[in-house]
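Please keep the sequence and the structure at hand while reading.

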Amino acid sequence: MTARITAQRGTDLRCQGWRQEGLLRMLENVLEVGERPQDLVVYAALGKAARDWPSYERIVAALKRLRDDETLVIQSGKPIGIFKTHPLSPIVIMANCNLVGRWATSDVFYDLEQRGLIAWGGLTAGDWQYIGMQGVIQGTYEVLAAVAREHFNGDLHGRLVLTAGLGGMGSAQPLAAKMVGAVMLVVEVDGDRAAQRVSDGRCDMLAETLDEALERCQQAQQRNEPLSVVLVDNASTVYTELVTRGITPDVVTDQTSAHDLLYGYVPAGMTPQEAAHLRETQPALLEQRALASMVAQVQAMLTLKERGAVVFENGNNIRIQAKRAGVEQAMTIDIFTERYIRPLFCKGIGPFRWLALTGNATDIAVIDDMILEAFAENELVCNWIRLARQYIPFQGLPARIGWLGHGERTRLGLLVNQAVREGRLSGPIAFTRDHLDAGGMAHPYIGTERMLDGSDAIADWPLLNALLNCSAMADLVAIHSGGGGYAGYMTSSGVTLIADGSSEADYRLEHVLNADTGIGVLRYADAGYTIAQDMARTSGLDALNLE
Ligand code: NAD
């Protein structure tokens, strides 16, 4: 397959109905906005939309003939069969990359992957929910906003944030920094990618040298002006050099694909091309060198922390890699979820998303207005929508992320479905969310690290979430586990709903959106979080697990 895939726009249907057509467009869309579509890779180095091209073609053909009372079953990106179910069942269910406990290691994963038996779906690649950088950016923004609130009296103007990685997810960082007013220095090892991020406006400028980068950052800090500077270099080298020079940024994190030693992190002193060559010739040596560089980077992060920087991991497992290599102190670095996001998850507030399936950006603007009116009292989401309108370019099918919570998502879903029905939108809207949501993930080093009751590694919760979403009649439900460097580290669930304006869609939206956030609230209530227990009590959830 060589032709670039793009999501179909307009109102012509290729499938039996909008539910199927919507999911097909989302599959096409993840490749349209993905990082290496020729390899079916969407993001995070190896997260794929389908197992291989023959599987992709068969999924497309299946979606085209799939009827409303049938369910397509997909195993790790390969279609397995279509079953007669009933008109309110999900039309697609998936299990991607789930290995039995003792076998859930990266070695087993790569062996199975090379034999064509498994594919990693990332979180939102394999279940066709990824919407590019625009999907992660509010999370990145909310984390920086929380950092500002907790450590800098609510204001990051004049502050320097150091990070690395401008990949699918990481490229949200400079824009999010701009939205909070900070100055950001991003280290990216891939020169082409860095240049592309500047030319597409996600980053303000390229610096030739570290000296130039630091000078430009300092000038912007002195003027209290937001600025993002990208330096083409290796994170390990630059972080270490800053320690040597005695320069301590205010905030330090990293978003290279450090979770994957083989595909995700270029060792110090190498170009991405040299790393790719070593991957072919001496993969074990590449892993060894990548790990050594990560150790140096994490040690630098620890020193910067000691010197007063606010340092946190952004969900790429870099602390874990360093800990495995003997840097015990690595785990003293905070994980962003526990520190900044958990209080929101306790109320079911998390990365809710919607896509305009006809490709009409005006639909997103209409929904923005709807939110500003219907959720006027919700400062978090209204503030976000105003910023998003100003700063965030669309990628692929126009889409928006809005961190709404339990009850709010249902309300928005129903308002939007009514607008589709009344012709105020040009066509159906798909609702989905990140897996890293209140009920959607067990990941003891990201989503569920240091849970109050120690239930970090219990994967029952995302599995129950998926089962419940099937029972509540979602259109697509997926269960994922980690692959590549994430093998054995996590289990999560995904869900998608198509609001096509029908009364049946009202029924689905009401049940699924309530259930999806409701189980999240009860998960945190169960772990002993009082915010979640209060939410469960006041929001009418029929909870059986509260004292
Ligand atoms: P990606 O693979 O698309 O991009 C990684 C980038 O890092 C690439 O541009 C690569 O060139 C660069 N890079 C690699 N090694 C480097 C080095 N040593 N120095 C400087 N740059 C280097 O990955 P992505 O989709 O951007 O995701 C990044 C990480 O964040 C992954 O580990 C992913 O799993 C994790 N993640 C976190 C969240 C979250 O919510 N915080 C969400 C999704 C993904």
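In this predicted model, the side chains of E35 and R193 come together in a salt bridge, with a nitrogen-to-oxygen distance of 3.0 Å. Two salt bridges are counted between domain 1 and domain 2, and the domain assignment places these domains at residues 18–114 and 134–332 of the protein chain, with domain 3 covering 345–538.

**Polar and charged features of the interface**

- Across the interface of domain 1 and domain 2, two residue pairs are found in polar contact, both at pLDDT 80 or more.
- On the side of domain 1 that touches domain 2, the residues divide into five that are nonpolar and one that is charged, while no polar residue is counted there.

**Extent of the interface**

- The C-alpha centres of domain 1 and domain 2 are separated by 32 Å, and the contact between these domains involves six residues of domain 1 and eleven residues of domain 2.
- The size of an interface is often expressed as the accessible area that is lost when the parts come together.
- For domain 1 and domain 2, the area buried between them is about 670 Å², of which 57% lies on carbon and sulfur atoms.
- Within domain 1, the residues that lose the most area to domain 2 are E35, A45 and Y110, which together account for 59% of what that side buries; E35 is also the residue whose side chain forms the salt bridge with R193.

**Enclosed space**

- How many cavities of 30 Å³ or more does a search of the whole structure find? The search finds three cavities that reach this volume, and the largest cavity holds about 60 Å³ of space.
- The lining of the largest cavity is formed by T140, V143, L144, Q173, M184, T253, F312 and N314.

Methods. Residues are numbered from 1 along each chain as its sequence is written. This is a predicted model: local features need pLDDT of at least 70, side-chain atom pairs count only at pLDDT 80 or more; totals for chains, interfaces and linings use all residues. Side-chain values use heavy atoms; hydrogens and water are left out. Domain bounds come from an automatic or database domain assignment. Contact means heavy atoms within 4.5 Å. Buried area is the accessible area (1.4 Å probe) that two parts lose on being put together, summed over both. A salt bridge is a side-chain nitrogen of Lys or Arg within 4 Å of a carboxyl oxygen of Asp or Glu. A polar contact is a pair of N or O atoms within 3.5 Å; within protein, one must be able to donate a hydrogen and the other to accept it, and residues adjacent in sequence count only if both atoms are side-chain atoms. Ala, Val, Leu, Ile, Met, Phe, Trp, Tyr, Cys and Pro count as nonpolar, Asp, Glu, Lys and Arg as charged, and the others, Gly among them, as polar. On a 1 Å grid over the protein atoms alone, a cavity is a set of points where a 1.4 Å probe fits but cannot get out, and a pocket is an open set with protein on both sides within 12 Å along at least five of seven lines; lining residues have an atom within 4 Å of a point. Grid points are joined across faces, edges and corners, and a volume is the space filled by probe spheres set on the points.
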